[in-house]
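Subject: Handover of a structure

Dear colleague,

Please find the structure below. My notes on it follow, and I would be grateful if you read them with the model open beside you.

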Amino acid sequence: MVEETNLSVQNLIYPMFVEDGKAIKTEIKSLPNNFRFSIDQLLPEMESCVNLGIDKFVLFPAIAEGLKNTIASHSYSTDNFYLDAIHKVKNEFPNISLMSDVAMDPYSSDGHDGLVQNGVILNDQTLPILGKMAVAQAQAGIDIVGPSDMMDGRIGFIRDELDMAGFSDTSIMSYTAKYASSFYGPFRDALDSQPKSGDKKSYQMNPSNKNEALIEAELDYHEGADIMMVKPATCYLDIIHLLKENFDIPITAYNVSGECAMIYAAAERGWLNYNDAMSEMLLSIRRAGADGILTYFAKDFAKLNKR
Ligand code: PBG
């Protein structure tokens, strides 16, 4: 009765990694208990999550090096296994909310989220690629596309492309305030998606900036975002709070790989109690104002709170 914040499995979104092939379940070294699955392994794993009450998932593709190129064309190619995986997952679990990743980096031989020319990111030329990727995912049956690339203007561009292709019901969860953070390391290990040169600081946000998050949010909101995300979560609780206070659409936060890895590693050494620490971390993100939390802890939290 006196608790001000409620956190339940309903608030959680589970990020999972899928790769092409069969019978693959490879643990991600820096993210214990998280795996890269081939689709035949992913489906039963998702079923066990659904049985625990998880009904929101984000799917990330790990792409073979040979399929990457400078224009990320495999991302919207009809033989992309990721699109097939989206189709199969939605077929098997029509009632879940399935979210995607819209960004060039898993498919880019440069390892960047935008087109690279002479070491410079070409913002505007990247937009049509993101648009094609989003439409291809919508055709495959995705419920919510998730542009994680941080190019300016992409929410409006993607909204128009989706609408013109007849997908006006496909929602957009924008990675609105995504910081150039050092906490993405284990994720980049999982997908082998480190930038080949340079860093992502020309398009991801400066960790010292707060007003800029409001500007980014203002743009995304007016361009048609349905949900806005802050990423990472724990070092950016003030930003979550700021967006929640200022906008009337759902706010999500991405409890990123490095944040989870810190707790896994400390718990492994016996320095922290895993269940207590991860529950407190998630609760604090919720208290800051996140309606939804993308977290690798989703399954463990669901197990812990199973009634
Ligand atoms: C890139 C992307 C990243 C994550 C999700 N989408 C990493 C990056 O910007 O390099 C990170 C998620 C995590 O660390 O858990 N499109």
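In which loop does A23 lie? A23 is in the loop between β1 and β2 (25-28); helices (H or I, at least four residues) and strands (E, at least two) are DSSP runs, numbered from the N terminus.

Before going further, please note that this is a predicted model, in which local features need pLDDT of at least 70 and side-chain atom pairs count only at pLDDT 80 or more, while totals for chains, interfaces and linings use all residues. Residues are numbered from 1 along each chain as its sequence is written, and side-chain values use heavy atoms, with hydrogens and water left out.

A23 has a phi near 55 degrees, a positive value in a residue other than glycine. A23 is exposed, with a relative accessible area of 60%; buried means under 20% relative accessible area, exposed over 50%, and partly exposed in between (1.4 Å probe, protein chains only). N118 also has a positive phi, of about 50 degrees, although it is not a glycine. N118 lies in the loop between β6 (115-117) and β7 (120-122), and its relative accessibility of 78% makes it exposed.

S38 belongs to the loop between β3 (31-37) and α1 (39-51). S38 is buried, with a relative accessible area of 0%. A polar atom of its side chain lies 3.1 Å from the backbone nitrogen of A23, and the side chain of S38 also reaches the backbone nitrogen of I24, at 2.8 Å. Both are polar contacts, a term for a pair of N or O atoms within 3.5 Å; within protein, one must be able to donate a hydrogen and the other to accept it, and residues adjacent in sequence count only if both atoms are side-chain atoms. Leaving aside neighbours within four places in sequence, S38 is in contact (heavy atoms within 4.5 Å) with E19, G21, K22, A23 and I24.

**Aromatic rings**

Rings of Phe, Tyr and Trp (its six-membered ring) pair if their centres lie within 6.5 Å; planes under 30 degrees apart count as stacked, over 60 as edge-to-face and the rest as tilted. By this rule there are 14 aromatic pairs. One of them joins Y14 and F57, a tilted pair with 6.5 Å from centre to centre and 40 degrees between the planes. Y14 lies in strand β1 (residues 12-19) and F57 in strand β4 (residues 56-62), so the pair ties together parts that are 43 residues apart in sequence. Y14 is buried at 5% relative accessible area, and F57 is buried at 0%.

The rings of F60 and Y254 have centres 6.4 Å apart and planes at 35 degrees, so this pair is tilted. It links distant parts of the chain, since F60 is in strand β4 and Y254 in strand β11 (residues 251-255), 194 residues apart. Both F60 and Y254 are buried. Ring pairs also link F17, F60, Y175, F187, Y254 and Y296 into a cluster.

The charged end of K231 sits over the ring of F187, 5.9 Å from its centre; a charge sits over a ring if NZ of Lys or CZ of Arg is within 6 Å of the ring centre and within 35 degrees of the ring normal. K25 lies over the face of F35, at 4.6 Å from the ring centre. The peptide bond from K231 to P232 is cis, with omega near -10 degrees.

**Cysteines**

How many disulfides are there? The count is zero, where a disulfide is a pair of cysteine sulfur atoms within 2.5 Å. The cysteine sulfur closest to that of C49 is in C260, 14 Å away, which is too far for a bond. C260 is in no disulfide, and the nearest cysteine sulfur, that of C235, is 12 Å away.

**The ligand**

A nitrogen atom of the ligand is 3.0 Å from an N or O atom in the side chain of D105. Oxygen atoms of the ligand take part as well: one is 2.9 Å from an N or O atom in the side chain of K178, and a polar side-chain atom of K200 lies 2.7 Å from an oxygen atom of the ligand.

Yours sincerely
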